[in-house]
Structure formats: structure tokens, C-alpha cells
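Good morning, and thank you for coming.

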Amino acid sequence: MMRKINGRITGVGSFLPSHRVTNADMEKLVDTSDEWIRSRTGILERRRCAADERNSDMAVAASWRAMEMANLRPEEIELLVVGTVTPDYRLPSTACVVQKKMGLVNAATMDIAAACAGFIHGLSIADSYIRSGQYRRILVIGTEKLTSVTNYRDRNTCVLFGDGAGAAVVESTEEDRGILSTFLRSDGRMAELLWIPDGGSNTPPQTFENGDGNFCIEMTGSEVFRHAVRQMGDASLQVLKMAGLEPSDVTWLLPHQANIRIMESTAKRIGIPSERVFMNIAKYGNTSSASVPIALDEVVREGKVEAGDILLMTAFGGGLTWASAAVKW
Ligand code: UT7
């Protein structure tokens, strides 16, 4: 009889740059107020990288913490998946940069450009490779230097975003635990609701003589809000169904930290009470692909997760993309 194997998260880690940007700092940049930002988003402050702090540096710092918890050496990692839309370079991938910095000499590497859903895409890829038998030890990272693509003259977006990284080690297990189910989806027809219009091969930087290209995030917030609640809610119900679970079985919902109102509405749609929704958006704002693994690291390190607990992760972002994962700790 075939042995049943799947992925299990054996280590988590995160890293946030030390520099804090408060709502009062935002009031000096654009026509906004602490009251508007708090009540409309739940954000009190966000983090910003120092000028010489790279996206890959945050990814590496988060990963060492996850590797230490999993008790693995760099040469034991067989695959590295990095979710990011703010790579250090167009080429090479951020995964290759991280590989070099950490000495992951036996790993295959890939970047995933699924925006805020990037980390859960990485978890799903890791779990699938493990189930196929091809790899046994995989490092998954969600990392973003969003301040590098934020327009600090656009109040609709600049108050939302921050920098940070989170990581998880996923190993094969034959135990009755780990990643139970994952669900990934996208709809490219709505790409322009949340995108960076210029800087790709259509309109590379040299296209613009007067610096008039838009290399920053543009978002139609209210439309994205509507889709986010529906898709994260439905994807979450889908992974629960795939795992044979009910919303009442969930110990913690770990939603993408984009907006406190989106998280509350999503939890309601799934049928999860607010006290079981983990939120840290007040401290970090929206860190795109890093937000779910940072939340995962914090809920674990705060001692709020016990063996056998059910974690439901869900995220939604540019693409549009969305994803959910159900995990038995
Ligand atoms: O991470 C990827 C997924 N991203 C998301 O999920 C983000 C989804 N969207 C949102 O979180 C919300 O739509 C926002 C927080 C971005 C905006 O909140 P909203 O309640 O949808 O506001 P709105 O865009 O409908 O704008 C309402 C008003 C507008 O003014 P008028 O036209 O009514 O006079 C905006 O200009 O609020 C104004 N506004 C602001 N006012 C003060 C927008 N941004 C600001 C601001 N400060 N920073």
C-alpha cells in the first residue's frame, strides 16, 4: 500500500525593519488623518526599510528564525519558494539571492508573483512537491519591500503599505497532521484594479524621459475590497470542505492583513467569531505576501497554538489572486 505523505510546517520566522512610520508621519505627507486611517483600515503604524536594507535581507532574517525552529541546516533544504512582487532585481530571482546569502547549496529555487497570495501559493507548491515524493524539506518565504513601490503623494494607497518578511519550513510527514488542503485561484481580467502600470517590458524605465511613468501601486480600493471579502470567504469554505472540516473546527483564522474591515467581513462570511481572527495590522499595515507568514509566526511564538489546532490561512491581492490553506498543527 502507498504511504500517505504531506507537508507539515516545522518552523516559522518573521522579520520587521525597526523603523516605524506612524499615522502622524502620514499626516505630514498627504491630506489624511490618524482618525481616518484607524477607522477605515485599522492601521496605527507600519515599518519601513532603511535605504541599505534589501528585500532579500528581510527574507534571510525571517528564514534563519524558521530554520532554527525546524532545527535544519542550510544544505538540507531541497526547494526554496519566495513569494514577492518587490524583488531585489528583475534578474536574478529573489530566491536565487536568498539562496546565495543562506548557502542553500542543494536547493532548487523559484519566485512566485502572486502578490498578497504569494505565501499561500508557496505553501501549496511545497505541499504538492512533498505529496509527489520529489522533495522533503522546503523553505517558503513571503517578503516585500512595498515602500519601494508606494507613491507617497497618493493618499488612497500610501497609508496602507509597509515592509516585512515571514518564512516557514515545510517538511514531509506521515503523521495525521500538517497541510490538509490548499486552494489557489486568480482572475486576470481584473488586473488593473491593483497593479503597477509601468516598469515592465511593455514600458521599461528608459521609455520615460521626464520621469512620468508610474512605477508604484495603483489601486481601486473599494472594488478590491468587495472581491477580497467574497473570494477569501469562499476559498476558505472550500479548503475546509476539502479537509472535511467545519468553520467551528477552526482555532485561528490567519487572514491577509489588508484592512480590519475586510478581515471582519471575511470571518463573518466564513462563520468564524472575531475572537478567533488573528490581527496585527495595527502594527505593520499591509505587507502583501509577508502578512500571512508574519501572522503565523506571531500566533505560534505567542504560544497561542497547540498540537492538533486548526489554522485557516487566506489571502487576496493583485492579479487578481487569492488562496486559502487549512493546516492541522
Ligand atoms: O493587499 C491587497 C488587497 N488590498 C486590499 O484588500 C485593500 C482593499 N481596499 C481597502 O482596504 C479600502 O478600500 C481602502 C482602505 C483602500 C479605502 O477605504 P474605502 O472605505 O473603500 O474608501 P474609498 O476608497 O471609497 O474612499 C472614501 C473617501 C474618498 O473621498 P471622497 O471621494 O468620498 O471625497 C477618498 O478620497 O475617502 C477618501 N480617502 C481618504 N481620506 C483620508 C481615501 N484615502 C484617504 C486617506 N485619508 N488616506
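Two strands are taken to pair if DSSP finds at least two bridges between them. Helices (H or I, at least four residues) and strands (E, at least two) are DSSP runs, numbered from the N terminus. Please note that this is a predicted model, in which local features need pLDDT of at least 70 and side-chain atom pairs count only at pLDDT 80 or more, while totals for chains, interfaces and linings use all residues. Residues are numbered from 1 along each chain as its sequence is written, and side-chain values use heavy atoms, with hydrogens and water left out.

Let us begin with β8 and β13, which run antiparallel and are joined by 8 bridges. Across from Arg185 stands Trp322 in β13. The open sheet has 4 strands with mixed pairing, in the order β8-β13-β12-β11. Because β8 (178–186) and β11 (252–255) stand at the edges, each with a single partner strand, one side of each has no neighbour in the sheet. From one strand to the next, the twist averages 10°.

Which strands does α7 lie across? They are β8, β12 and β13, and the helix runs at about 145° to β12; axes here are lines fitted to C-alpha atoms, for helices over the stretch in contact, and angles run from 0 to 180 degrees between N-to-C directions.

I turn now to the nonpolar core, meaning a set of buried Ala, Val, Leu, Ile, Met, Phe, Trp, Tyr and Cys residues joined through side-chain atoms within 4.5 Å. Buried means under 20% relative accessible area, with a 1.4 Å probe and protein chains only. The largest such core has 40 residues, of which Met26, Leu253, Ile272, Leu312 and Phe316 touch the most other members. Two or more residues each come from α7 (221–242), α8 (260–270), β12 (310–317) and β13 (321–328). The largest share, 7 residues, is that of α7. Another core, of 34 residues, lies apart from it and includes Val12, Ile130, Ile138 and Ala295.

Note on methods:
Buried means under 20% relative accessible area, exposed over 50%, partly exposed in between (1.4 Å probe, protein chains only). Contact means heavy atoms within 4.5 Å.
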